[in-house]
Structures are given as structure tokens and as C-alpha cells.
Amino acid sequence: MNISNHNEALLAQHTRRLDFLKSEVNLPAGILQKLKDFQIAIPSWALGTGGTRFGRFSGGGEPRNLEEKIADVGLLHALNQSSGAISLHIPWDIPTDPAAIRNLAAQHGLAFDAVNSNTFQDQADQAHSYKFGSLQHVSAATRKQAIDHNIEVIKHGVELGSKALTVWLSDGSCFPGQLNFRHAYERTVDSLREIYAALPADWSLYLEYKAYEPNFYSTTVGDWGASYSMVNKLGPQAKTLVDLGHHLPNANIEQIVSILLMEGKLGGFHFNDSKYGDDDLTAGSIKPYQLFLIFNELVDGMDAKGMNHAKDLGWMIDASHNVKDPLEDLLQSVEAIQIAYAQALLVDRKALEAAREANDVVRCQEILQAVFRTDVRALVAQARLELGGALDPIALFRQEKLRDQLIKARGAKTVATGL
Ligand code: RM4
Ligand code: MN
Ligand code: MN
């Protein structure tokens, strides 16, 4: 892959765009460094074409094992220098030789972000079914099996140098009356306590919430309130994870983010976008303004606490679907996240605060929207360029026919593990 030729060909145009941006906007000191430091983890389950319950249309060249998934993320990282981590889902991606996997990842400049447990599917060899839940289950033996699985996942993560466990539970009920909400809640907390007790001291536990699906009447960790109350019971290492697609329609996600952050209980993100529910669409593809408003709260809240933007929260993507090349899609998601972050860094917070104190509602909107409507793509590209990435990663991916190469190496009929 010839990144420097690609960059050279685009350099004049890029410089023109960047100069224009600099002439229009006062770039705060250190903004490029912040963009360069900001890495977004790629989920191992998004590297194949996502299916729906109706079907799956593989585009070919999908990674057939963990090694190939790491190679794919390495490819993304080589192109954008901003995807320097991978998040694994167990048992979809069990590292059988952790030292070799760690080594391979290091060769690509990749770290391991949160490891994810899976108690929403039954595995062939498992004794008890999760049909009626896992950590909430009425049977202690089923709960224990799910607890043990989570502890197993932590062990895999430790071997890879990961520092967090993400727990997403499909537990809930499909019909009114099916579940004693109180018992389900209490059993879930008790189970989580056992998992929490197995966390290494420098690890975090992220508890993800989701309003519905696969259960359609109630979800036991159904919203940020449920997650927040549970992580508070667990202790300081437990925090809430916000997946953007997991809310009921029109939820004010940026306000949720602001409150969790203020309370010190925001753990991290699963970025994606949605029109209806947990659609797992490309970040920024449907509601880019919402993504910007979320980052606006993040920058404000993190700065208020003196937090390190790059390191103090878990930044992960959770998106995959049917109709795009998964690697191109992930490049788009990463760029959308970087754009929202860059714009949030440009907000004149003093002016915004002054306008708020003066109840100048119009001015508040003007300040935010002026930034949102500023094209910061050249700034994000400059950060990539300085790190040795491509000015236009998707264009280079296509020029170099990288998908064709993957199909040649892996075959046209490959299907990656995942949903
Ligand atoms: C869930 C949730 C989890 C993800 C699974 C595959 O809806 O978003 O984070 O691990 O899907
Ligand atoms: Mn998720
Ligand atoms: Mn989801």
C-alpha cells in the first residue's frame, strides 16, 4: 500500500482546504495533538458483513479467524492511524494462543480494548440455556454458568492486556407477568457482584443497557437508570456504557452522557447510528448533529474534571450491517467520530456559558451550529497525515483494491464469526 504517493497526489488540495479552515476559524492550541491521541477501538464482530435475522450477504474476503480480524483492524489503522485498538467478543473470538495474538496485534500497533462476554446465545457445549436469561435467571446453576463465563472472559482479557469487561445482557421478558422485576434486578446485581469481585484492581466493568430486543416487554438493564443504580451498588470500578442505538426514540442521549460523566459513572461508548432502534448503522450517518452534541457534552464534562480525552473513557464502535464493505464502513464511522470530536473542541465555551447566563437562547444555538456547520475534515486529515496515515483512507482502500486482495487471499465465500 503506497500511502505517500497517495498523500502526495492530494497534498495541494488538502493544503488549500486546511488553509481556508485556518483563515476562518481560530484553532485552539493543541487541537491537532488531541486529535492524534484519540483512538477508537474496532469491534472484532464488525469486520464481516452484518446479518439480520432475515439473511446475510457476505461481500467476500471476510476474516476467517482472530488473526485475520487483527489483520483487518491493522489495515484500518494503517490507513487512518486512529483505530489503534480492537475489542473482542468471547466466545466468538477466543485467543487460543494469547502470546502470539498479543504479538500479532503489537506488530500492527494495536492494543486490546474491552473484552465482551456473551450470555445472549447458547453455545453447543453449555449445560444450561439462556433462553430465560443469564445473570437474572431463576436457577442458581444457570446464573453460576453465566458468572463463570464472565470470569473466563476477564481471564482472556488479562492475557491480552485488556483493561475492561463489557457486560451486555439480553435478560428480560417478552410478556407482562413473565418476570418478577424485583427478583430479576436483585439476582442480576448479585451475579454482577461475583463478576466484579473477580476484576483485577486496574480493570473496569462496563454495564451496557438496552431498551429492548431480543426481549420485547422488559429488559432488566433497560436504561441508564437501571445501569447506573447497579454500577453504584458494585463499586468504583463499575461504570455505565452508552451504546447510542440502545435508547427509546428521541431520548436525549447527550443529557444522559452529561449526567453520567458528572457522576463519575460514564465508562465508555459503543458508537453507531440509528433511525429506529439498535440499527447499528455507521456512526454519524443518520444524526450527525446528535453525535456532535454528545461530544460537546463529553469535552465540556471531561474538561470540568481534568480528564484525559483519549484515555479516561472507552471509545468503541459497535456497528455492522448488510450493505457496505465492512472496512469502508468502519473508516466512515471513525472519521465521523473524529469530526464530531474536532468540532466539539472548537466550541467557544466561554461565549456559550456567557450566552447561557444571559438566557440568550438564540446566541447559544448560533454558537453551537456555527461550529457544527464548519467543515473540519481537513483538520482531521491533517492529524492523520502527521501520524503517517492516508489523506483519504477510503479512496486509498479503493485505489489499492484492498478488498479484491482480501478476496483473493481468503476466498469469496468467507463468513466472519459474529451475529
Ligand atoms: C448488542 C449490544 C452489545 C453487542 C451485541 C452483539 O445489541 O450492542 O454491545 O455486543 O449486540
Ligand atoms: Mn453495544
Ligand atoms: Mn446493540
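Glu213 is partly exposed, with a relative accessible area of 31%; here buried means under 20% relative accessible area, exposed over 50% and partly exposed in between, with a 1.4 Å probe and protein chains only. The model is predicted, so local features need pLDDT of at least 70 and side-chain atom pairs count only at pLDDT 80 or more, whereas totals for chains, interfaces and linings use all residues. Residues are numbered from 1 along each chain as its sequence is written, chains are lettered from A and ligands numbered from 1 in the order in which they are written, and side-chain values use heavy atoms, with hydrogens and water left out.

## Salt bridges

Side chains of opposite charge can pair when their charged atoms come close. The structure holds 17 salt bridges, a salt bridge being a side-chain nitrogen of Lys or Arg within 4 Å of a carboxyl oxygen of Asp or Glu. Glu213 takes part in one of them, with the side chain of Lys210. Lys210 is buried, at 5% relative accessible area.

| Pair | N to O distance |
|---|---|
| Lys210 and Glu213 | 3.0 Å |
| Asp300 and Arg349 | 3.8 Å |
| Lys324 and Asp329 | 3.8 Å |

The salt bridge between Asp300 and Arg349 links distant parts of the chain: Asp300 belongs to helix α9 and Arg349 to helix α11 (residues 349-357), 49 residues apart. Helices (H or I, at least four residues) and strands (E, at least two) are DSSP runs, numbered from the N terminus. Asp300 is partly exposed, with a relative accessibility of 31%, and Arg349 is partly exposed at 21%. In the pair formed by Lys324 and Asp329, Lys324 is partly exposed, at 30% relative accessible area, whereas Asp329 is buried, at 2% relative accessibility.

A network of salt bridges links Arg64, Glu68, Asp72 and Arg410. Arg410 is also one of the buried residues of helix α15.

An α-helix has 3.6 residues a turn, so residues three or four places apart point the same way. In helix α15 (residues 402-410), the buried residues are Leu402, Arg403, Leu406 and Arg410. Viewed down the axis of α15, these buried residues fall within an arc of 100°, so they line one face of the helix; the arc is that of the directions from the helix axis to the C-beta atoms. They pack against α3 (66-80), α10 (326-346) and α14 (393-399), where contact means heavy atoms within 4.5 Å. Gly411 follows α15 and has a positive phi, near 105°.

Helix α7 (residues 224-234) has Ala226, Ser227, Met230, Val231 and Leu234 as its buried residues. Around the axis they cover an arc of only 120°, which puts them on the same side of α7. Their packing partners are α6 (181-197), β7 and β9 (238-243). After α7 comes Gly235, whose phi is positive, near 140°.

## Asn272 and its surroundings

Asn272 is located in the loop between β10 (266-271) and α9 (288-304). Asn272 counts as buried, with 1% relative accessibility. Its side chain reaches the backbone nitrogen of Gly245 at 3.1 Å and makes a polar contact with the side chain of Asp280 at 3.3 Å. A polar contact is a pair of N or O atoms within 3.5 Å; within protein, one must be able to donate a hydrogen and the other to accept it, and residues adjacent in sequence count only if both atoms are side-chain atoms. When neighbours within four places in sequence are left aside, the residues in contact with Asn272 are Asp243, Leu244, Gly245, Asp280, Leu281, Ala283, Asp318 and Ala319.

Leu387 lies in helix α13 (residues 377-387) and is partly exposed, at 33% relative accessibility. Although Leu387 and Lys36 are 351 residues apart along the chain, their C-alpha atoms are separated by 7.1 Å. Not counting residues up to four places away in sequence, Leu387 touches Lys36 and Gln81.

Tyr212, Phe216 and Leu248 make a nonpolar surface patch of about 320 Å². Patches are made of residues with over 30% relative accessible area and no salt bridge; like charges are joined within 9 Å and nonpolar side chains (Val, Leu, Ile, Met, Phe, Trp, Tyr) within 5 Å. Accessible areas come from the Shrake-Rupley method with a 1.4 Å probe, and for residues only the protein chains shown count as cover. Phe216 is found in the loop between β7 (204-208) and β8 (218-219), and is exposed, with a relative accessible area of 55%.
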